[in-house]
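Biologist: Before I rely on any label attached to this chain, I would like to hear how each one was reached. Could you show me what we are discussing?

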Amino acid sequence: MVEEAKPNKRDRRPLPPPPPEFDTLDALPTDTQGIDEFNQRMTMYWDKCSLMGCPICGRTFRPDAYEKHSKVCTPDNPGGPLGMPKGPAAAARLAAAKVKA
């Protein structure tokens, strides 16, 4: 949202490229399950292309937020001064980050 609020287009980051699956897509899904699966794949693709992952805690951030986060996230204190977010999604991200390291 911060990037879109910038007044000049040249100050904005470029849009991510379209997903490769769009080249082979005949039609968008119309049933509820198909729509949910499609939306989940597109969200994962956008996250992969647009967000930066922290190698210490595994959380993802916009580039400007990652700059701030990287200054406070350390191996001794993952997640920064407030610690890691709670919940199953946070636990899964932390486990994935440990596997990558």
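Biologist: In which helix does Pro 63 lie?

Modeller: This is a predicted model, and in it Pro 63 lies in helix H4, which covers residues 63-72.

Biologist: What makes Pro 63 partly exposed?

Modeller: The relative accessibility of Pro 63 is 22%, and the class in question runs between the 20% under which a residue is buried and the 50% over which a residue is exposed, so Pro 63 counts as partly exposed.

Biologist: Which residues does Pro 63 touch, leaving out those up to four places away in sequence?

Modeller: Pro 63 touches Arg 13, Ser 50 and Met 52 when those sequence neighbours are not counted. With Ser 50 the separation along the sequence is 13 residues, while the C-alpha atoms are 8.4 Å apart in space.

Biologist: Why is Ser 50 called buried?

Modeller: Buried requires a relative accessible area under 20%, and Ser 50 has 8%, so Ser 50 is buried. Ser 50 belongs to helix H3, residues 32-50, and, again leaving out residues up to four places away in sequence, touches Arg 13 and Pro 16 as well as Pro 63.

Biologist: What does UniProt list for residues 50-79?

Modeller: The unreviewed UniProt entry lists "domain: C2HC/C3H-type" for residues 50-79.

Biologist: How many disulfides does a search of the whole structure find?

Modeller: The search of the whole structure finds 0 disulfides. Cys 54 is in no disulfide, and the cysteine sulfur nearest to that of Cys 54 belongs to Cys 57, at 3.7 Å.

Biologist: Why is the sulfur of Cys 57 too far from that of Cys 54 for a bond?

Modeller: A disulfide is a covalent bond between the sulfur atoms of two cysteines. The cut-off for such a pair is a sulfur separation within 2.5 Å, and the sulfur of Cys 57 is 3.7 Å from the closest cysteine sulfur, that of Cys 54, so the two are too far apart for a bond.

Biologist: What makes Cys 54 and Cys 57 buried?

Modeller: The limit is under 20% relative accessible area; Cys 54, at 6%, therefore counts as buried, and Cys 57, at 0%, is therefore buried too.

Biologist: Why is the pair of Phe 61 and Tyr 66 described as tilted?

Modeller: The search of the whole structure finds 1 aromatic pair. The ring centres of Phe 61 and Tyr 66 are 6.4 Å apart, and a pair needs centres within 6.5 Å. Planes under 30 degrees apart would count as stacked and planes over 60 as edge-to-face, whereas these planes stand at 45°, so the pair is tilted. Both Phe 61 and Tyr 66 are buried.

Biologist: How do you know that Arg 41 forms a salt bridge with Glu 21?

Modeller: The criterion asks for a side-chain nitrogen of Lys or Arg within 4 Å of a carboxyl oxygen of Asp or Glu, and the closest N and O atoms of Arg 41 and Glu 21 are 2.7 Å apart. Arg 41 lies in helix H3 and Glu 21 in helix H2, so the pair ties together parts that are 20 residues apart in sequence. Both residues are partly exposed, Arg 41 with a relative accessible area of 37% and Glu 21 with 25%.

Biologist: How many salt bridges does the search find in the whole structure?

Modeller: The search finds 2 salt bridges. One of them joins Asp 64 to Arg 62, with closest N and O atoms 3.2 Å apart. Asp 64 counts as partly exposed at 28% relative accessibility, and Arg 62 counts as partly exposed at 34%.

Biologist: What makes Pro 20 exposed?

Modeller: Exposed means over 50% relative accessible area, and Pro 20 has 56%, so Pro 20 is exposed. Pro 20 sits in the loop between helix H1 (2-5) and helix H2 (21-24).

Key:
Residues numbered from 1 in each chain as written. Predicted model: local features only at pLDDT ≥ 70, side-chain atom pairs only at ≥ 80, totals over all residues. Heavy atoms only, no water. UniProt positions renumbered as here; feature names shortened; annotations may be inferred. Phe/Tyr/Trp six-rings, centres within 6.5 Å; stacked < 30°, edge-to-face > 60°. Buried < 20%, exposed > 50% of the residue type's maximum accessible area, 1.4 Å probe, protein only. Helix = DSSP H or I, 4+ residues; strand = E, 2+ residues; numbered from the N terminus. Contact = heavy atoms within 4.5 Å.
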